[in-house]
Amino acid sequence: MNFTNSLIQWYLREKRDLPWRKTSNPYPIWLSEIMLQQTRVAQGLPYFLRFTEAFPTVFDLAAADEEQVLKLWQGLGYYSRARNLHATAKVIAFDLNGKFPGTYKGLLQLKGVGEYTAAAIASIAYGEAVPVVDGNVYRVLSRYFDVETDISSAAAKKEFFELAASLLPKGKASEFNQAMMEFGALQCVPKNPDCGNCIFNGSCLALKNKKVDTLPVKRKKTKVVHRYFNYLIIKDRAGNSVIQKRTAKGIWHNLYEFPLLETLQEVDFEEAVRLIALHSFGFTPKNIRPLHHNEIIHKLSHQHLHIRFWQVEADAIVQEALGVEELKKYPFPIVIHNFMEEHWADV
């Protein structure tokens with residue numbers, strides 16, 4: 001068990017000082033695991049601190065309004081995580097009397113909790129001997145043991161789960177799982193790891209076989225869809241603007257945005273003006289002009305959004321239009337929030 005002991009010793013020396021590591025309470029552990037999916041610790045930590053300040057217990061989170069949850073989540077992306085978090089908090093608070101399920105299998109029944117998150121909570125909060133398997137674990141194990149299994153294949157999860165389980169030390173599931181995640185995050189990083197200063201540079205097979213750059217193997221490529229969003233910022237006679245809620249399933253569900261004109265491809269100024277003029281506003285546009293002349297490309301995991309903002313002036317008072325300070329209280333996708341923060345003076 002040389003690998004396991006060395007890894008845990010490294011972790012106890014090098015681990016970052018993070019608030020969710022100072023407790024066995026499943027609530028902050030669950031919160032941190034959901035927030036850190038697809039998110040670096042440096043980015044997620046301020047959100048974790050804001051959430052735990054606003055919602056110190058699962059009961060506080062359950063009682064919150066969804067828009068308050070989404071507003072605090074704004075900028076973390078993958079907003080279905082926030083909606084699932086809120087829904088699960090209600091189940092735990094109202095159906096389970098505030099008590100999280102005490103086993104890996106029980107945790108898997110919660111909405112938004114997959115095998116990795118359930119394993120993390122079960123091992124860290126309850127000491128259950130179940131290994132975590134995520135991108136960090138795939139990378140560390142595939143390199144150390146020179147495993148060439150394609151991690152996007154159906155067989156990979158079972159193979160790596162069994163390998164991690166074989167290394168799990170009795171009574172130390174929490175330390176081992178956190179050590180694996182931390183080692184992948186700090187030392188065995190995806191690109192240009194510092195192998196010269198690694199505790200495993202004498203035993204890592206990928207280093208020995210000059211395969212560090214090629215492991216783990218991942219052959220499946222994500223197909224990226226390009227979409228073209230034209231946001232219409234209406235300015236009525238009082239200087240107020242209109243927003244709408246995205247109710248359709250898909251990206252940014254239940255967040256707010258300006259009226260949207262989606263096109264099949266990028267449109268030039270004349271075509272944009274023609275299409276905007278055909279839009280049903282309930283008033284005749286007085287003036288249409290582009291804001292922030294450069295297209296903004298916002299990259300999501302499977303989609304690249306090509307975004308332009310257009311000002312549409314109305315010589316009338318528009319019903320339900322809001323002033324900028326009122327607008328800023330609503331949860332927006334981060335790309336719209338940033339535009340408002342940086343360019344609202346131009347509107």
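Which residues of α1 are buried? Let's start there, and keep in mind that this is a predicted model.

So, helix α1 covers residues 2-14, which makes 13 residues. From its first C-alpha to its last it reaches 18 Å, close to the 18 Å expected at 1.5 Å a residue. The buried ones are F3, T4, L7, I8, W10 and Y11. They cover an arc of only 160° around the axis, which puts them on the same side of α1. If you're wondering about that spacing, an α-helix has 3.6 residues a turn, so residues three or four places apart point the same way.

Okay, now the rings. There are 21 aromatic pairs in this model. One of them is F183 with F200, an edge-to-face pair at 5.4 Å centre to centre, with 70° between the planes. This pair links distant parts of the chain: F183 belongs to helix α11, while F200 is in the loop between α11 and α12 (205-208), 17 residues apart. Both F183 and F200 are buried. They also belong to a cluster, where ring pairs link F3, W10, Y144, F145, F183 and F200.

Let's move over to strand β6, residues 303-314. How many of its residues are buried? The count is 12 of 12. Both faces are covered: on one side we have Q303, L305, I307, F309, Q311 and E313, and on the other H304, H306, R308, W310, V312 and A314. Next to β6 in the pairing is strand β1, residues 225-235; the two run parallel and 11 bridges join them. To find your place there, look for Y228, which stands opposite H306 in β6.

Stay on β6 for one more ring pair. The rings of F309 and F339 have their centres 3.7 Å apart and their planes at 10°, so this one counts as stacked. Again the pair links distant parts of the chain, with F309 in strand β6 and F339 in helix α15 (residues 334-343), 30 residues apart. F309 is buried, with a relative accessible area of 2%, and F339 is buried with a relative accessible area of 2% as well.

Last stop: R50. Its charged end sits over the ring of Y47, 4.6 Å from the ring's centre.

Definitions and conventions
Residues numbered from 1 in each chain as written. Predicted model: local features only at pLDDT ≥ 70, side-chain atom pairs only at ≥ 80, totals over all residues. Heavy atoms only, no water. Helix = DSSP H or I, 4+ residues; strand = E, 2+ residues; numbered from the N terminus. Expected span 1.5 Å × (residues − 1). Buried < 20%, exposed > 50% of the residue type's maximum accessible area, 1.4 Å probe, protein only. Arc of directions from axis to C-beta. Pairing = 2+ DSSP bridges. Phe/Tyr/Trp six-rings, centres within 6.5 Å; stacked < 30°, edge-to-face > 60°. Lys NZ or Arg CZ within 6 Å of the ring centre and 35° of its normal.
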